[in-house]
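Subject: Structure handover

Hello,

Here is the structure I promised to pass on. Please open it alongside this note; what I found follows below.

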Amino acid sequence: MKGMTVIVKKVTELMCGVIFLYGIYIIIHGHLTPGGGFAGGVIIAGSFILLILSFGSDFLALKKEETGSSLIESSAILTFLIIAVLGMIIGGTGVFFKNFLPGGTIGKLISAGVIPLYNIAIGMEVAAAILTIFLALLIYKDEVLK
Amino acid sequence: MDLYIPLFVAVPLGGAFLSAIIGHFLKRFGRIFTSVILAFLTGLSLFLIFTVREPLVLKVGGWELLGKIPIAIYMVIDGLSIYMLLIINLIGFLSAFYSISYMKKFTAENNYYTLFCIMTAGMNGVVISGDIFNIYVFMEMAAISSYALVAFGIEKEELEASFKYQVLGGMSSLFILLGIGLLYWSTSTLNIADVSRIIFSNGKSELIIFAQVILLAGFGLKAAMIPFHAWLPDAHSSAPSPISSMLSGVLIKAIGAYVILRLFFNMFAITYDVSLVITIIGTLSMVTGVLLAIGQWDIKRLLAYHSISQMGYVILGVGIGMLVLAKNGDRSVATLSIAGGLFHLFNHAVFKGLLFLNAGAVEYETGIRDMKKLGGLSEKMPVTASTSLSASMSISGIPPFNGFFSKLIIIIAAIQAGYYVLSILAVFVSIITLASFLKVQRFTFFNKKSSGLESSGISVREVPFTMCFSMIFLAVLCIVLSLMIIPSVREIILTPAVDVLVNAGKYSATVLGY
């Protein structure tokens with residue numbers, strides 16, 4: 001896939017970092033404000049997709065990128081599962097999904113126990129999964145249709 | 001003991017993503033790891049069968065009752081759940097072990113094992129969930145991974161079958177979600193035990209009856225009962241064979257029949273109308289399925305149509321039990337009938353799983369599924385031929401095998417309940433089943449003269465060890481399961497499952513604890 005004009009490239013260059021940071025903000029404030037892992041993950045994936053669309057995929061080794069993103073996706077789910085199972089071990093009561101960290105003060109960034117950790121894992125998972133789907137479509141277009 | 005419940009979901013999910021990660025570096029990892037974890041889960045469910053007497057309840061997240069409102073997601077293991085868990089993980093283990101040799105010719109083996117584990121996790125989740133929305137979520141997990149697995153060969157037929165399956169599966173999910181929404185609207189809770197308590201205390205409204213109809217249609221589509229069966233023959237015949245055996249042997253039971261039983265016995269109060277509908281659907285599936293099956297020449301398609309017919313037996317057995325319970329009839333007749341249905345459910349998982357594995361072995365060696373082109377394989381593939389013979393006799397109800405006893409129990413129960421027409425139909429269907437499996441045996445494994453294989457130059461020998469092992473194991477089970485009619489064995493395995501359904505009203509009280 002070819003890139004777009006200089007204007008688009010320059011604007012994307014300026015914007016995508018901000019979009020990425022906004023996605024991270026949404027994820028880590030998931031337990032305080034609207035949004036959370038899923039919404040933030042989609043925004044992060046959006047910043048990557050914007051870059052690929054404006055600069056084109058000719059400079060990318062698509063297969064390698066796809067392997068990387070699917071690896072991140074799997075490890076994010078695994079992290080989620082490990083936190084859930086840790087609740088069974090650390091809580092001492094053998095309860096699945098136990099919130100074993102201290103709750104903290106309501107409204108502070110570091111509060112709500114393990115919920116921010118779940119949000120981060122979900123954010124990674126969603127971002128990587130959407131990017132993987134996008135890359136798979138690109139690979140299909142570039143390689144299979146030719 | 002509660003500690004073991006989440007393992008049935010967490011272990012296969014962990015296995016799925018571990019084999020997705022490690023599989024990038026170690027090619028053989030997923031292949032072996034899947035079999036190992038499924039063997040572990042089979043062992044665990046066997047252990048639970050022998051130890052659990054009272055239902056185990058786990059509140060996810062540790063949230064206790066708030067007043068009388070259950071706010072946690074409940075995971076429940078009772079007799080019926082353990083029974084289903086044993087079937088799912090046993091057939092899953094044997095299919096995974098069979099896949100070790102069978103899937104070598106496919107690319108992207110790791111994705112296969114990842115999807116396989118996710119599908120198992122989804123089915124286990126459906127069975128242990130005590131919350132209707134979680135049943136929906138786990139059901140979608142199992143269904144979506146099975147869409148991908150049906151299309152795994154990426155040929156024209158497989159993609160078409162998978163597309164058809166996805167469209168009809170999507171329809172059924174829509175129905176189910178709508179039904180759950182209506183239930184939530186009228187009872188304002190999603191916990192099965194709590195819904196049941198509220199329905200019993202408030203009485204029935206039109207909304208609940210509408211939700212029942214919608215849910216029956218949705219799960220009937222998943223279980224491929226006859227007006228909703230169109231996707232099954234395509235999907236089950238074009239999947240890779242171990243997956244066909246998982247789909248036919250386990251999936252339609254775990255996310256279709258099991259949920260119908262759980263919801264219509266334990267959640268809604270049993271009424272005469274619904275039991276009549278379920279019995280009629282079961283009878284229709286039983287008769288029509290076998291009539292559609294006997295004319296087929298594609299071996300896997302024939303088996304797929306027989307799945308519809310045999311599931312009809314299961315639903316018929318349970319439906320007669322429901323009818324008797326709804327009319328306040330003799331409870332021992334209801335118990336006998338439901339026991340027959342559940343027994344046939346296990347038996348069907350075993351012999352239909354085995355028959356699909358046999359078909360897979362034939363296809364693995366010859367590459368042909370059309371019975372007209374096969375023939376005379378019994379000398380070259382003795383293990384496949386003999387195991388297939390035992391499965392065929394089992395499905396058509398020849399005495400020492402398990403299928404005979406479960407069909408006999410269903411027929412006796414139908415006579416005792418006074419449904420003579422249904423019992424005659426059950427015998428009649430069994431005879432046609434025998435005829436169509438004689439056809440399979442004759443055209444595939446015997447009948448040497450008309451064999452076109454020799455001239456086409458395909459060299460045939462016995463399949464590799466792992467495939468043989470799974471087939472022999474299941475063939476032995478075909479005989480061993482007939483021991484379930486001995487009272488002491490039956491009391492351990494079958495009776496707890498039947499009790500959950502017969503004493504349907506007790507579920508709510510035991511799970512909620514008040």
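Contact here means heavy atoms within 4.5 Å. The model is predicted.

**The interface between chains A and B**

By that rule, the contact draws on 17 residues of chain B and 15 residues of chain A. The two chains bury about 1,300 Å² between them. Of that area, 84% is on carbon and sulfur atoms. Three residues stand out on the chain B side: Phe17(B), Ile21(B) and His24(B). They supply 34% of the area that chain B buries against chain A, more than any other three residues.

Which elements of chain B supply at least two residues each to the side that touches chain A? Helix H1 (7-22) and strand S1 (56-60) do. H1(B) gives the most, with seven residues. By type, the chain B side divides into 12 nonpolar residues, four polar and one charged.

Polar links across the interface are as follows. The rule finds zero salt bridges between chain B and chain A. One residue pair is in polar contact, with both residues at pLDDT 80 or more.

**Salt bridges**

Over all chains, the structure holds eight salt bridges. Some details:

- Glu13(A) pairs with Lys10(A), with the closest N and O atoms 3.2 Å apart. The two are separated by about one helical turn, because they sit three residues apart in helix H1 (residues 6-28) of chain A. Glu13(A) has 44% relative accessibility, so it counts as partly exposed.
- Arg262(B) meets Asp78(B) at 2.9 Å, N to O. Arg262(B) lies in helix H10 (residues 241-267) of chain B, and Asp78(B) in the loop between strand S2 (73-77) and H3, so the pair ties together parts that are 184 residues apart in sequence. Both Arg262(B) and Asp78(B) are buried.
- Arg369(B) bridges to Asp298(B), again with a closest N and O distance of 2.9 Å. This pair links distant parts of the chain, 71 residues apart. Arg369(B) is in the loop between helix H13 (331-366) and helix H14 (382-396) of chain B. Asp298(B) is in the loop between helix H11 (272-294) and helix H12 (299-326) of chain B. Is Arg369(B) buried or exposed? Arg369(B) is buried, with a relative accessible area of 17%.
- Lys164(B), Asp234(B) and Arg301(B) form one network, joined by salt bridges that share partners.

Helix H3 (residues 79-102) of chain B has 24 residues. From first C-alpha to last it reaches 34 Å, close to the 34 Å expected at 1.5 Å a residue. H3(B) is mostly covered: 24 of its 24 residues are buried.

Asn134(B) belongs to helix H5 (residues 132-150) of chain B. Its relative accessible area is 16%, so Asn134(B) is buried. Leaving out residues up to four places away in sequence, Asn134(B) touches Ile73(B) and Ser129(B).

**Backbone points to check**

Most residues other than glycine have a negative phi. Two residues of chain B have positive values:

- Ile154(B) has phi near 45 degrees. Ile154(B) is in the loop between H5 and helix H6 (156-187) of chain B. At 61% relative accessibility, Ile154(B) is exposed.
- Ser188(B) has phi near 50 degrees. Ser188(B) is in the loop between H6 and helix H7 (192-202) of chain B. Ser188(B) is exposed too, with a relative accessible area of 58%.

Best regards

Notes:
Residues are numbered from 1 along each chain as its sequence is written. Chains are lettered from A and ligands numbered from 1 in the order in which they are written. This is a predicted model: local features need pLDDT of at least 70, side-chain atom pairs count only at pLDDT 80 or more; totals for chains, interfaces and linings use all residues. Side-chain values use heavy atoms; hydrogens and water are left out. Buried area is the accessible area (1.4 Å probe) that two parts lose on being put together, summed over both. A salt bridge is a side-chain nitrogen of Lys or Arg within 4 Å of a carboxyl oxygen of Asp or Glu. A polar contact is a pair of N or O atoms within 3.5 Å; within protein, one must be able to donate a hydrogen and the other to accept it, and residues adjacent in sequence count only if both atoms are side-chain atoms. Helices (H or I, at least four residues) and strands (E, at least two) are DSSP runs, numbered from the N terminus. Ala, Val, Leu, Ile, Met, Phe, Trp, Tyr, Cys and Pro count as nonpolar, Asp, Glu, Lys and Arg as charged, and the others, Gly among them, as polar. Buried means under 20% relative accessible area, exposed over 50%, partly exposed in between (1.4 Å probe, protein chains only). The expected span of a helix is 1.5 Å times one less than its number of residues.
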